[in-house]
Amino acid sequence: MTRVTPRAGLALAAIVLVIDQLVKWLVTGPLGIDFLGASRTILPIFDLRFVQNNGVSLGMLRAETATMRWLLVAFTGAIAVAVAVWMWREPKRGDQLALGLVLGGAIGNILDRVRLGYVVDFADLHFGEWRPFLVFNIADAAITIGVLILLVRALLIRDKPDEISKNSSENVHA
C-alpha cells in the first residue's frame with residue numbers, strides 16, 4: 001500500500017481542537033458555567049455542569065500538585081506525539097481519520113491542563129439519577145469515538161487483498 005499524507009486526519013484533528021476549545025469557552029465564558037457547582041439544564045437528560053478534571057481517563061492519575069500536573073502534561077503529550085506518528089505512517093484513510101479524532105481531543109485536553117491546571121468537563125448526560133458516563137467534554141468524546149472506530153476496524157473489518165498481491169499469488173500457483 002502506498003503511504004498517503006494524512007491531510008484529512010490532520011484537518012479533522014484541527015477541527016476537533018477548535019470546536020473543543022470554542023465550546024469550552026462558550027460554556028465557561030458567555031454561559032457563565034465556570035465554578036464548581038455551576039450547572040444549567042439543557043434537556044431533561046442533559047445538563048451543562050462545570051467540573052475541573054485533574055486526572056485522565058475516568059479520573060485516574062490525578063494531578064494534585066504542580067509536579068504531577070506537568071508530568072501528566074508530558075505523559076499525555078508523549079501519547080499525542082505517538083498518535084501523530086502513527087497517523088503519519090498509517091496508509092488507511094479511515095484509520096487516519098480515527099487517529100485525527102484522538103489527536104485533536106488529546107491536544108484540546110492538553111491545552112486545558114497547560115493553561116488552567118485541569119481539564120474543563122461540562123457535558124452531563126443522565127437518565128434520572130443514573131449517569132452512564134462521567135461529566136465529559138468534546139475532546140473526551142472525540143477520543144472515545146476515535147478509539148472505538150480503531151477497535152471496530154481492527155477487529156471486524158478485513159481489508160481486501162490488493163490486486164498486486166492477488167496477481168502475485170496467482171502467478172506463483174500457475
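Which residue is the bridge partner of Gln52 in strand 3? Val120 is, and I'll come back to that pairing.

Quick background, everyone. This is a predicted model, where local features need pLDDT of at least 70, side-chain atom pairs count only at pLDDT 80 or more, and totals for chains, interfaces and linings use all residues. Residues are numbered from 1 along each chain as its sequence is written, and side-chain values use heavy atoms, with hydrogens and water left out.

Okay, strands. Here, helices (H or I, at least four residues) and strands (E, at least two) are DSSP runs, numbered from the N terminus. Strand 1 covers residues 39–43 and runs antiparallel to strand 2, with four bridges joining them. Two strands pair if DSSP finds at least two bridges between them. A hairpin of two residues links strand 1 to strand 2, and Leu43 sits opposite Phe46. On to strand 3, residues 119–125: strand 2 pairs with it too, antiparallel, over six bridges.

Now look at Asp47, which lies in strand 2, residues 46–53. Is Asp47 buried or exposed? It's buried, because its relative accessibility is 6%; the cut-offs are under 20% for buried and over 50% for exposed, with partly exposed in between, using a 1.4 Å probe and protein chains only.

What does its side chain touch? Asp47 makes a polar contact with the side chain of Arg49 at 3.0 Å, and another with the side chain of His126 at 3.1 Å. A polar contact is a pair of N or O atoms within 3.5 Å; within protein, one must be able to donate a hydrogen and the other to accept it, and residues adjacent in sequence count only if both atoms are side-chain atoms.
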